[in-house]
Amino acid sequence: HIMNVTDRFLHYISFDTTSDSSSATHPSPAGQPDFAAMLAEELKQMGLTDISCDEYGYVFGTIPSTIPNYKGTMLGFIAHIDTVSDYCEHAIHPVITENYNGKDLPLGSSGLILSPDMFEHLKALTGHTLITTDGTTILGADDKAGIAEIMTLVEHLQSQQIPHGPIC
């Protein structure tokens, strides 16, 4: 059973990986090593064996080529774990808007809105499901959305019979 990318993303944003510019340690987010270890374990559960997770929160994994004697290019995907520190005073409360109507989008009850007048690309998202913050914190989509997409791709490739070269 492949985990839904939305559920995976919502799980990932529950981890506090907020950067701390005043920290003397690396990584600066105190929660980054725990999140990195969880990602490494998730890769292990997906069947990857070439996994590393270092003290700085870098997680690497390789899906071996499924093509015998593959001589082509290796493909890699990269995303970062830390999130910005702005507006992160408490837990993130995502808002899921299904079938977005293309109009002003309230961010929870914060009084803030996303407006297509300010963000023209919103019009192109009409009919889609949008995940936003409730307006009291950042969402953490930069770049936990990228991590969720990569991990969902890894899980999909591990469960399907899709020929591919090595993927890192």
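Guide: The buried residues of helix α3 are Asp143, Lys144, Gly146, Ile147, Ala148, Ile150, Met151, Thr152, Val154, Glu155 and Leu157. Buried here denotes a relative accessible area under 20%, exposed one over 50%, and partly exposed anything in between, computed with a 1.4 Å probe on protein chains only. The model is predicted: local features need pLDDT of at least 70 and side-chain atom pairs count only at pLDDT 80 or more, while totals for chains, interfaces and linings use all residues. Residues are numbered from 1 along each chain as its sequence is written, and side-chain values use heavy atoms, with hydrogens and water left out.

Helix α3 contains 19 residues, and its first and last C-alpha atoms are 26 Å apart, close to the 27 Å expected at 1.5 Å a residue. That expectation is 1.5 Å times one less than the number of residues in the helix. Helices (H or I, at least four residues) and strands (E, at least two) are DSSP runs numbered from the N terminus. Most residues other than glycine have a negative phi, and most peptide bonds are trans.

The partners of α3 come next. Its buried residues pack against α1 and α2, where contact means heavy atoms within 4.5 Å. Those two helices also meet one another: α1 (residues 5-12) and α2 (residues 32-45) pack at an angle of about 150°, with axes 12 Å apart. This makes α1 roughly antiparallel to α2, since angles over 145 degrees count as roughly antiparallel, those under 35 as roughly parallel, those from 65 to 115 as roughly perpendicular and the rest as oblique. The axes are lines fitted to C-alpha atoms, for helices over the stretch in contact, and the angles run from 0 to 180 degrees between N-to-C directions. On the α1 side the contact involves Arg8, His11 and Tyr12, and on the α2 side Phe35, Met38, Leu39 and Glu42. By class, the residues of this contact are four nonpolar, one polar and two charged; Ala, Val, Leu, Ile, Met, Phe, Trp, Tyr, Cys and Pro count as nonpolar, Asp, Glu, Lys and Arg as charged, and the others, Gly among them, as polar.

Helix α2 extends these contacts to the strands. Its buried residues are Gln32, Phe35, Ala36, Met38, Leu39, Ala40, Glu42 and Leu43, and they pack against α1, β1 (50-53), β2 and α3 (141-159). The 14 residues of α2 should span 20 Å at 1.5 Å a residue, and the end C-alpha atoms are 20 Å apart, in agreement. Gln32, in α2, is buried at a relative accessible area of 9%. A polar atom of the Gln32 side chain lies 3.3 Å from the backbone oxygen of Tyr56. A polar contact is a pair of N or O atoms within 3.5 Å; within protein, one must be able to donate a hydrogen and the other to accept it, and residues adjacent in sequence count only if both atoms are side-chain atoms. Gln32 is also 6.0 Å from Gly57, C-alpha to C-alpha, although 25 residues separate the two in sequence. Just after α2, Gly47 adopts a positive phi of about 105°.

In strand β2 (residues 59-62) one finds Thr62, which is buried at 18% relative accessible area. Neighbours within four places in sequence aside, Thr62 contacts Leu48, Asp50, Ile167 and Cys168.

The loop between β6 (130-132) and α3 contains Thr133, a buried residue with a relative accessible area of 13%. The Thr133 side chain reaches the backbone nitrogen of Gly135 at 3.1 Å and the backbone oxygen of Thr137 at 2.5 Å. Residues up to four places away not counted, Thr133 touches His93, Val95, Leu107, Gly108, Ile138 and Leu139.

Of its 168 residues, 33% are buried. Among contacts between residues at least 6 apart in sequence, 74% join residues at least 24 apart.
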